[in-house]
Amino acid sequence: MADLIADADVVINLIGKYYDTKKLEDTDKFPYLNYTISTSVHEANVTVPATIAELCTEMQVDNLIHVSSAAANPDSSSEWARTKYEGEQEVLKAYPWATIVRPTQMFGHEDKFLNWFANFADRFPVVPLIDGGHALTQPVWVDDVAKTINRIIDDPEMFEGRRVDCFGPQDYSYAELAKFVYDITGQDPNLSEVPNEVVKYGAKALQFEGNPMLTPDLVDLWSEDYLPEMTAQEYEAQTGKDKVFTMKDLGVESTPIEKIAFKYLHRFRKGGHFILAEGYH
């Protein structure tokens with residue numbers, strides 16, 4: 001990392017992980033193989049960001065932008081959300097003038113958010129709505145977050161030691177998002193309202209996939225609201241040096257999910273893009 005950082009004026013940390021990376025190791029006893037953790041969620045979300053911040057201080061890098069999450073919360077039931085918060089604190093401890101960017105869940109062409117619903121329906125006949133899918137989220141387009149980071153880089157000194165929250169124009173429940181996705185894809189899975197603890201039974205098996213679709217911790221994360229800290233009006237009413245910036249403050253208008261999602265979700269339609277166009281040959 002030091003070699004990469006050495007000549008940088010601005011360092012942007014996007015490293016994060018929502019599951020432990022596991023590997024098989026030989027053992028002396030039957031079955032002679034054992035799953036061990038090679039990189040943990042804590043290492044990816046706390047240790048690595050702290051190391052980057054320490055290197056930036058040591059190598060006198062002018063600016064550090066640390067991308068965290070709107071879900072960062074020391075009291076969350078999700079380890080991922082707790083480690084995101086801890087990672088922020090460790091970064092600021094080592095590099096106090098770092099800029100913290102907190103996006104809500106991001107959607108875009110290769111996301112693991114809206115695509116998750118479509119991919120899960122492709123693999124399984126039942127899609128669980130955790131605790132009824134009532135928890136709220138306010139998704140933001142990944143391109144809007146990228147534009148915001150570019151604006152920070154244009155004038156990094158202005159945002160030293162400050163936070164920038166990124167969020168979309170509207171909140172949705174997970175149940176609403178599932179129906180929105182399936183309206184686009186034409187998929188018709190059985191949407192089942194399932195308690196958190198019951199969904200975790202399946203998640204405990206799926207978590208051993210190479211790139212797991214569902215883990216027990218993800219179940220906890222999706223059981224809680226994933227929203228910006230304040231309402232739009234509260235953000236606008238802030239004054240003083242402790243003001244938390246938003247995308248709007250940087251001249252970036254949040255893009256509605258309805259304008260983007262069709263572009264990459266229609267591929268899940270059986271028969272392709274034009275299957276619903278009558279008379280098309």
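## A walk around the predicted model

Start by selecting helix α7, residues 196-206, where N196, V199, K200, A203 and L206 are buried (under 20% relative accessible area, with a 1.4 Å probe and protein chains only; exposed is over 50%, and partly exposed lies in between). These residues sit on the same side of α7 because they cover an arc of only 115° around the axis, the arc being that of the directions from the helix axis to the C-beta atoms. Turn to the other side of α7 and you will find E197, Y201 and A205 exposed.

A word on what you are viewing: this is a predicted model, in which local features need pLDDT of at least 70 and side-chain atom pairs count only at pLDDT 80 or more, while totals for chains, interfaces and linings use all residues. Residues are numbered from 1 along each chain as its sequence is written, and side-chain values use heavy atoms, with hydrogens and water left out. Helices (H or I, at least four residues) and strands (E, at least two) are DSSP runs, numbered from the N terminus.

Select β2 (residues 21-26) and β3 (residues 33-39), antiparallel strands joined by six bridges; strands pair if DSSP finds at least two bridges between them. Look for D26, whose bridge partner in β3 is L33. Six residues lie between the strands of this hairpin, and Y32 takes a positive phi near 70° there.

Most residues other than glycine have a negative phi. Keep that in mind as you move to Q60, whose phi is positive, near 55°. Q60 is in the loop between α2 (41-58) and β4 (63-67), and it counts as exposed because its relative accessibility is 69%. Then pick D131, with a positive phi near 55°, in the loop between β7 and β8 (136-137). D131 is partly exposed, at a relative accessible area of 39%.

**Inside: the cavities**

On a 1 Å grid over the protein atoms alone, a cavity is a set of points where a 1.4 Å probe fits but cannot get out; a pocket is an open set with protein on both sides within 12 Å along at least five of seven lines, and lining residues have an atom within 4 Å of a point. Grid points are joined across faces, edges and corners, and a volume is the space filled by probe spheres set on the points.

There are two cavities of 30 Å³ or more. The volume of the largest cavity is about 60 Å³.

The largest pocket holds about 1100 Å³ of space. Of the 37 residues lining it, select Y18, W80, M106, D111 and K112, the closest to its centre. Helix α5 (142-154) is among the elements supplying at least two lining residues, and α5 gives the largest share, four.

Finish at the second largest pocket, with a volume of about 340 Å³. Among its 19 lining residues, F167, A232, T246, K248 and S254 are closest to the centre. Helix α9 (residues 232-237) contributes the largest share of this lining, three residues.
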